[in-house]
Amino acid sequence: MRKITNQELGRPSAEEFSAMEKLPVVVVLDNVRSAQNVGAFFRTGDAFAVEKIALCGITATPPSREIHKSSLGAEFTVAWEYFKTTVEAVALLKNQGYTVLAIEQVEGAVMLDRLTVDKSKRYALIFGNEVSGVDQAVVDMCDGAIEIPQVGTKHSINVSVCGGVVIWKFFESLR
């Protein structure tokens, strides 16, 4: 096997990426405290062409050296919007017809491996703070919740890694 060069990957330009069809998914970051985690979400959002990232509360926003370090410039290609509160973002997304799902360990959550993604819907996926998760007031506004099945002792995955796992499921199901 030979590694493929960057030139052979056929990457779209920023302009081509901007014009291409996006996954009908908005990523909502509920008070994510690490700018490097935020940057990782931008990079994942670019890889899977999410529609937008909503940065809420204390979540860092571009321009930021720490975001740029892990995003590798994806903060320039992925659309984003800042909201003072996640409640405000979720209310707007629900009003716009999105199905809003918390990625959280809550009663009644659907395990990711059992989730059926409806191709006729648009989704808003809420990822929470690294310590406290998705705020309960936000969970209360959601249409449902998704949990990633785990078998280890921690039952905890870094929020940006969680984002990669969940966004991949939607990319695989919707593209």
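A residue is taken as exposed when its relative accessible area is over 50% and as buried when that area is under 20%. In the predicted model described here, Pro 63 therefore counts as exposed, at 82% relative accessibility. Pro 63 is placed in the loop between strand S2 and helix H3 (65–71). The peptide bond that leads from Pro 62 to Pro 63 is cis, and its omega is near -5 degrees. Between the C-alpha atoms of Pro 63 and Val 151 the separation is 38 Å, the two residues being 88 places apart along the chain.

Strand S2 spans residues 50–56 and contains Lys 52. With a relative accessible area of 16%, Lys 52 is buried, because the limit for that class is 20%. The side chain of Lys 52 makes a polar contact of 2.9 Å with the side chain of Glu 81. Leaving aside residues up to four places away in sequence, Lys 52 touches Val 25, Val 26 and Val 27, as well as Ala 79, Trp 80 and Glu 81.

The loop between H2 and S2 holds Ala 49. This alanine is buried, at 11% relative accessible area, and its phi is positive, near 55 degrees, although Ala 49 is not a glycine. A positive phi is also found at His 155, about 45 degrees, again in a residue that is not a glycine. His 155 lies in the loop between S7 and H6 and is partly exposed, with a relative accessible area of 40%.

The largest nonpolar core comprises 33 residues, and Phe 127 and Phe 170 have the most contacts inside it. At least two residues of this core come from each of strand S1 (23–30), helix H2 (35–47), S2, strand S4 (99–103), strand S6 (123–127) and helix H6 (159–174). H6 gives the largest share, seven residues. Apart from residues up to four places away in sequence, Phe 170 touches Leu 23, Val 25, Leu 101, Leu 115, Val 117, Tyr 123, Leu 125 and Ile 146.

Helix H4 covers residues 86–95, and within it Thr 86, Ala 89, Val 90 and Leu 93 are buried. These residues lie on the same side of H4, because they cover an arc of only 95 degrees around the axis. In an α-helix there are 3.6 residues a turn, so residues three or four places apart point the same way. The buried residues of H4 pack against strands S1, S2, S3 (80–83), S4 and S6, and against helix H5 (136–141). After H4 comes Gly 97, which has a positive phi near 95 degrees.

The largest pocket has a volume of about 390 Å³. Its lining consists of 20 residues, and those nearest the centre of the pocket are Ile 103, Glu 104, Gln 105, Ser 156 and Ile 157. Strand S7 (144–147) and H6 are the elements that give two or more residues to this lining.

Notes. Residues are numbered from 1 along each chain as its sequence is written. This is a predicted model: local features need pLDDT of at least 70, side-chain atom pairs count only at pLDDT 80 or more; totals for chains, interfaces and linings use all residues. Side-chain values use heavy atoms; hydrogens and water are left out. Helices (H or I, at least four residues) and strands (E, at least two) are DSSP runs, numbered from the N terminus. Buried means under 20% relative accessible area, exposed over 50%, partly exposed in between (1.4 Å probe, protein chains only). A polar contact is a pair of N or O atoms within 3.5 Å; within protein, one must be able to donate a hydrogen and the other to accept it, and residues adjacent in sequence count only if both atoms are side-chain atoms. Contact means heavy atoms within 4.5 Å. A nonpolar core is a set of buried Ala, Val, Leu, Ile, Met, Phe, Trp, Tyr and Cys residues joined through side-chain atoms within 4.5 Å. The arc is that of the directions from the helix axis to the C-beta atoms. On a 1 Å grid over the protein atoms alone, a cavity is a set of points where a 1.4 Å probe fits but cannot get out, and a pocket is an open set with protein on both sides within 12 Å along at least five of seven lines; lining residues have an atom within 4 Å of a point. Grid points are joined across faces, edges and corners, and a volume is the space filled by probe spheres set on the points.
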